[in-house]
Amino acid sequence: MTIPQFFTPDSQNARALRAAFGAYVTGVCVVTAQSERGPMGMTINSFTSVSLDPPLVMWAPARSSARCAAFARAGHFAIHVLRHDQIELCRRFAGQGAGFSGLAHDTTPDGTPVLADALARFDCEHHAQHDGGDHLMILGRVTGVETRPGDALVFSQGRYGRFQSGG
């Protein structure tokens, strides 16, 4: 039997805290919006549903991200839940990836860029934002949803994988 590790989260244990958070399996999403510089996107795993009535979702970009301020100003955005085989799309919008450069995409009537073939897409209008420490919590009111069957791309303990739906 393994002995559990207990620690107080502080600057000395930042790596251990990150690893502990990584024990929670999350889905992988790409958030897109229109900015002053054109379409932008960001790979995230900080996405959750908040409310059914009204329909609200939340995601949290790091304040240190060069795209955080632009997303905070965006009136509309779309959250794309990625399929298990969309790892390249995930990488394209992560860190300094290629983003929309050379990528064909559609737009919603409000001008939000959208990606093809996501497992689910939530079109949102900005509802609120709140302080989240080194992240900004952005709430969106869901105005439209697109879904398709398939298995989700998941992230856990620094690795990507697949969650296969049961029969």
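The radius of gyration is taken here over C-alpha atoms, and the globule rule against which it is set is 2.2 Å times the number of residues to the power 0.38. For the 167 residues of the protein, a compact globule would have a radius of gyration near 15 Å, and the value of 17 Å for the protein agrees with this. The structure is a predicted model, in which local features need pLDDT of at least 70 and side-chain atom pairs count only at pLDDT 80 or more, while totals for chains, interfaces and linings use all residues. Residues are numbered from 1 along each chain as its sequence is written, and side-chain values use heavy atoms, with hydrogens and water left out.

The C-alpha trace spans about 55 × 40 × 35 Å along its principal axes, and the protein has 3 helices and 12 strands (DSSP runs numbered from the N terminus, with H or I over at least four residues for helices and E over at least two for strands). Of contacts (heavy atoms within 4.5 Å) between residues at least 6 apart in sequence, 62% join residues at least 24 apart. Buried residues (under 20% relative accessible area, with a 1.4 Å probe and protein chains only) make up 38% of the 167 residues.

Arg 141 lies in strand β10, which covers residues 135–147, and counts as partly exposed because its relative accessibility is 33%, between the 20% limit for buried and the 50% above which a residue is exposed. Leaving aside neighbours within four places in sequence, Arg 141 is in contact with Pro 54, Pro 55, Leu 56, Asp 123, Cys 124, Glu 125 and His 127.
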